[in-house]
Amino acid sequence: MGIDPVVYFFGFGLIAGLLRADLRLPGPVYDALSFLLLLSIGLKGGVELARHGSVDLLWQSLAVIGMGVLLPLLAFPVLRGLGRLERNDAASIAAHYGSVSVGTFAVVVSWLASRGIQHEPYLALFVVLLEVPAIIVGILLARGWQSGVDWQDMGRELFLGRSVLLLGGGLVIGALAGGEALAPLEPVFVDAFKGILALFLLEMGLIAAARLGPLRQYGLFIVAFAILWPLFSAVIGILLGHLLGLSPGGVTILGTLAASASYIAVPAAMRIALPSANPSLSLAASLGLTFPFNILFGIPLYAEIAQRLGGS
Amino acid sequence: MNTLHTRCLLTIVCEALLETRIESDLKRLGAPGWTATSVRGEGDRGSREGHWENDGNVRLEVVCGQELAERIAVHLHDRYYRDYAMVCWLSEVKVLRPEKF
């Protein structure tokens with residue numbers, strides 16, 4: 001089986017970036033692409049959510065939120081103990097790895113579609129649910145309960161951040177309007193999706209390349225963590241998906257979400273909540289290593305494990 | 001020709017993510033207005049190329065009296081300098097309508 005073409009675009013951006021080519025997408029274009037991507041994912045998830053909503057889904061959602069709380073709690077002691085990182089850095093990285101990457105989600109969905117593997121179509125809901133809990137856990141890990149965190153201000157940051165807002169807004173619009181009513185919008189939000197994703201990934205390749213430079217100064221631990229931790233958290237996601245009775249495609253998605261690390265919502269929130277944590281350390285790991293690792297090697301691996309588990 | 005009056009131009013360059021926070025600080029401290037521009041650059045906190053939302057810088061310019069400009073600069077220093085990529089400087093400028101600033 002060949003590589004999904006969108007991944008070539010990422011590879012292209014990565015190589016161009018590493019060669020220091022003068023290639024860049026203008027900021028407003030990147031903004032528009034990420035708007036479209038988030039809304040498309042949200043809308044599609046919302047339409048399916050209205051179709052498949054059930055009590056089971058509520059339990060699944062709670063379990064997924066539980067995973068979002070658990071993952072940073074597991075990562076934190078590893079980062080503190082093995083990595084000897086400072087408290088704020090460890091908490092910030094734990095939050096990045098407990099939360100999710102929408103780009104990785106888009107790639108796994110596209111990967112499954114290109115292979116004709118079915119999955120529960122409402123899983124975009126899990127992306128929204130997994131974004132925020134890890135951020136709150138990260139802040140608490142760093143600062144404790146009695147700290148001077150301005151939660152009102154933080155709440156704005158968390159729930160009115162671009163990705164949560166657009167994904168959530170898309171979900172609600174999709175659920176309210178339904179598939180038929182949204183049909184006229186399909187040329188923009190459905191047909192163009194892969195092209196938008198390809199351009200987005202090209203830009204992410206360029207950005208990831210720029211993030212790899214600082215890695216050299218952070219040593220081997222963070223490199224090992226950025227590759228090995230996703231493997232471990234993917235297993236947790238895969239087992240949870242299996243327990244929840246998801247299809248192998250759905251299990252693959254939940255495994256990939258668990259393995260993915262945020263590089264948009266969490267860095268922004270951590271910059272405000274834990275300003276003394278080093279932002280380039282966590283971004284180098286999540287965007288420079290984990291994101292490429294997941295889309296190039298992780299997804300096929302998680303799918304393989306999910307298939308075997310499902311077939312047993 | 002109209003008489004020119006001396007005022008202070010306070011220029012702040014910082015992480016784009018701080019823009020709304022600093023604007024509300026400016027409002028609170030009594031700045032008469034400001035202009036914001038998206039910019040990119042490099043400094044001792046690394047390169048901020050403005051490729052995407054977590055990577056950009058913003059430049060805020062405020063024209064006001066010397067005393068207020070200094071008060072804002074001290075506030076920024078105490079509140080943000082330790083943890084954020086930020087520089088600010090003051091310079092003398094000439095304006096036509098002193099009552100505006």
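In chain A, helix H5 (residues 102-114) packs against helix H13 (residues 248-259) at an angle of about 155°, and the two axes are 10 Å apart. Because angles over 145 degrees count as roughly antiparallel, H5(A) is roughly antiparallel to H13(A). The crossing of H5(A) past H13(A) is right-handed. The model is a predicted one.

The contact is formed on the H5(A) side by Thr104(A), Phe105(A), Val108(A), Val109(A) and Leu112(A). These residues meet Gly249(A), Thr252(A), Ile253(A), Thr256(A) and Leu257(A) of H13(A). By class, six residues in the contact of H5(A) with H13(A) are nonpolar and four are polar, with no charged residues.

Chain B contains an open sheet of four strands in the order E2-E5-E1-E6, with antiparallel pairing. Strand E2 (35-39) and strand E6 (86-95) of chain B stand at the edges; each has a single partner strand, so one side of each lacks a neighbour in the sheet. From one strand to the next, the twist averages 20°.

Strands of a sheet pair through backbone hydrogen bonds, in either a parallel or an antiparallel sense. The pairing of E2(B) with strand E5 (residues 57-64) of chain B is antiparallel and extends over five bridges. Within this part of the sheet, Ala36(B) has Leu60(B) in E5(B) as its bridge partner.

Helix H1 (residues 19-29) of chain B lies across strand E1 (5-15), E2 and E5 of chain B. The direction of H1(B) is at about 10° to E5(B).

Notes:
Residues numbered from 1 in each chain as written. Chains lettered and ligands numbered in written order. Predicted model: local features only at pLDDT ≥ 70, side-chain atom pairs only at ≥ 80, totals over all residues. Pairing = 2+ DSSP bridges. Helix = DSSP H or I, 4+ residues; strand = E, 2+ residues; numbered from the N terminus. Axes fitted to C-alpha atoms, helices over the stretch in contact; angles between N-to-C directions. Contact = placed C-beta atoms within 7 Å. Parallel < 35°, antiparallel > 145°, perpendicular 65-115°, else oblique. Left-handed = near helix turned anticlockwise from the far one by under 90°. Nonpolar A, V, L, I, M, F, W, Y, C, P; charged D, E, K, R; others polar.
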